[in-house]
Amino acid sequence: MTCEIFLEMLEREAPAVEFEAPLLDARAAGASAAELAELDGAKRAALRVRALLERRARREAELAALFDTAGDLAGLRDVDAVLQAIVHRARRLLHADVAYMTLPDPQRGDTYMRVTDGSGSQAFRSTRLAMGDGLGGLVAQSGVPYSTADYFADRRFRHTVDIDHAVRDEGLVAILGVPMKLGDQVIGVLFASHRDFRPYAPEEIALLVSLAAHATIAVDSARLLTETRTALAELSAANAAMHAHYNTVERAAQAHDRMTDLVVRGGGVADVAAVAADILGGALLVLDSDGRRITEIDSPESGGRERLGDDHAVGEITATAAQLGRTVAAKELWAAPGGAGSNPLCTLVLHHSNELSPSDQRILERAALVTALLLLFQRSIAEAEGRVRGELLDDLLDGRVADHDALHSRATLLDIDLTQPHVLVVVEDGGQRRTAAWTTNYVLSHHGLAAVRGQHTVVLLPGGDASAAAHSVAKELSAALGISATVAGSGPVDLPKRVPAAYREARQCIRVLHALGKQGSSASAVDLGFVGVLINSGGNVLAFLNTTLGPIIDYDLRRGTPLIETLETYFATSCSLSGSAKLLHIHVNTVTQRLDRITGLLGEGWQHPDRALEIQLALRLLRLRESAVFSP
């Protein structure tokens with residue numbers, strides 16, 4: 001009956017204070033101390049269940065908000081509406097009194113309130129902050145999140161009369177601000193604030209950072225869309241000015257219409273390149289920002305006879321176009337960069353035997369711009385999905401997804417088939433940032449997950465062979481980026497409970513590869529022989545060493561003798577006294593004396609094949625332990 005009372009309260013989501021009522025009623029009814037103790041224990045258990053349900057509900061709401069925000073970005077039409085939605089979600093998820101966003105004003109050299117939610121003060125909404133003033137100025141300067149539980153008592157940032165007046169007028173006390181970063185540049189600050197004293201938990205800061213990342217994409221996408229609209233407007237003006245040249249205008253209009261129609265219908269980079277090659281004639285090559293070939297198109301008129309010049313010529317003209325930021329020509333090659341700056345998102349290279357007219361050059365440039373826009377949109381979607389995939393793998397690695405149903409619901413949204421076996425792969429290399437970007441695209445095409453953990457990039461992939469998966473990742477990573485990485489695999493993994501253990505095993509494999517001098521190679525525990533068996537079984541290495549070599553290790557430590565070194569050399573020379581003496585630079589008699597001492601410590605029969613094998617294994621494990629592969 002006691003449990004039913006609290007279960008009924010949990011079912012109707014009763015407030016915490018109501019859970020005291022049964023205990024008070026029982027005490028008033030004169031219940032015994034044992035009954036009261038039992039009732040108090042049931043109450044405490046029910047409150048723990050209630051707290052757990054609340055945490056899961058909050059996490060579900062946070063993930064739903066991030067999914068909703070990613071959906072807003074995917075269908076970006078009105079940037080103001082997207083930013084307003086992000087600020088509103090920040091206020092709702094952090095239970096804040098006021099949430100707001102500040103953006104820089106390049107013309108006035110300060111920042112202004114772009115979006116507010118929950119603000120009741122006109123003075124607060126109209127506040128403008130000079131660079132470096134207030135908590136927001138500290139966040140913008142440092143590029144890292146800052147929070148204060150008591151704004152007016154905090155002296156880490158510069159207080160000004162105007163800002164303090166606005167904050168006091170709004171009644172704010174605690175403020176959390178996180179940067180909106182585009183690369184290394186801070187393009188704004190997202191805030192959540194409360195009207196009472198409170199510190200901010202790390203998970204609240206992490207949630208606001210995720211929302212700020214979505215806001216950054218929205219602001220930057222709005223800028224690029226504005227640039228695109230401006231470019232399209234320029235194209236329309238050029239067409240009107242050349243109305244007398246009907247054929248030229250018709251070609252430009254045809255290119256514009258066909259590419260726009262392709263984008264509207266969901267066409268890709270190859271489709272845009274095919275349209276441009278068809279209109280301009282010749283062969284067209286599309287390169288990404290790293291100079292890799294995305295697609296190559298021959299126009300029907302070329303009949304497959306025209307080809308782009310050699311890679312050296314293409315590389316030279318591409319570098320020149322990127323440096324100048326405009327279309328350049330060299331020996332029948334025309335290169336148009338897509339995007340602003342010296343590092344464009346793409347470059348279109350056209351091989352054409354005739355001089356291109358100014359209008360045809362603009363067609364090539366518009367094709368480059370549309371291609372850049374498509375690539376940017378694809379990148380934004382991939383980055384958003386990559387973050388969601390990374391969050392799921394982070395939760396699995398930290399053991400925060402213990403319920404299989406919860407894992408299945410999240411995996412289904414990411415098109416991951418849990419009916420297949422999965423393996424875990426850990427990558428360690430010096431170019432971690434490039435590796436993380438590559439693995440994001442790799443797991444999308446292989447229906448897996450990827451996350452960065454310290455110096456490692458971790459990948460969860462479908463498959464049942466951990467060794468094959470590690471070799472495949474290492475091979476494709478080397479081919480794509482020219483990186484020689486140390487890669488380790490583990491699995492198949494029992495999802496979700498065994499993911500942390502698989503991660504530990506893979507990291508242990510990497511340490512073993514380093515200890516064996518095999519950096520830049522790939523393996524799983526199965527490939528490491530007896531060492532891999534110990535990794536898999538969690539064998540007690542220290543106990544084995546103490547049992548097998550303990551007397552000699554203790555003797556060397558006490559006397560400063562080299563008996564372990566002598567024993568290793570003796571086995572390395574196939575038990576040759578003269579060979580050991582030569583390598584150790586000592587007399588054969590000295591070797592004999594040391595071996596006699598070893599016999600006295602280990603007992604007779606230590607050179608018997610079975611015993612000798614155990615000793616050689618222990619010597620190998622001792623060296624690995626000294627390399628920090630195994631620890632006590």
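Me: Buried means under 20% relative accessible area, exposed over 50% and partly exposed in between, with a 1.4 Å probe on protein chains only. So which class does Cys509 fall into?
Reply: This is a predicted model, so local features need pLDDT of at least 70 and side-chain atom pairs 80 or more, while totals for chains, interfaces and linings use all residues. Residues count from 1 along each chain as its sequence is written, and side-chain values use heavy atoms, without hydrogens and water. Cys509 has 0% relative accessibility, so this residue is buried.

Me: And Cys575, what class does that one get?
Reply: The relative accessibility of Cys575 comes to 35%. Because of that value, Cys575 counts as partly exposed.

Me: How many disulfides are there?
Reply: A disulfide here is a pair of cysteine sulfur atoms within 2.5 Å. By this rule, the count is zero.

Me: How many residues of α16 are buried?
Reply: The helix is largely enclosed by the rest of the structure. Among its buried residues are Val499, Tyr503, Glu505, Cys509 and Leu513.

Me: Which residue just after α16 takes a positive phi?
Reply: The angle is about 70°. The residue is Gly517.

Me: Where are the buried residues of β10, on one side or both?
Reply: Six of the six residues in β10 (333–338) are buried, so the strand is largely enclosed by the rest of the structure. Leu333, Ala335 and Pro337 sit on one side, with Trp334, Ala336 and Gly338 on the other, so buried residues take up both.

Me: How many bridges join β10 to β11?
Reply: Strands pair if DSSP finds at least two bridges between them. Strand β9 (328–330) pairs antiparallel with β10 over three bridges, and Ala330 partners Leu333. Leu333 also stands opposite His351 in β11. Strands β10 and β11 (346–351) run antiparallel too, and their bridges number six.

Me: Which residue in the β9 and β10 hairpin takes a positive phi?
Reply: Two residues lie between these strands. The one with phi near 50° is Lys331.

Conventions: Helices (H or I, at least four residues) and strands (E, at least two) are DSSP runs, numbered from the N terminus.
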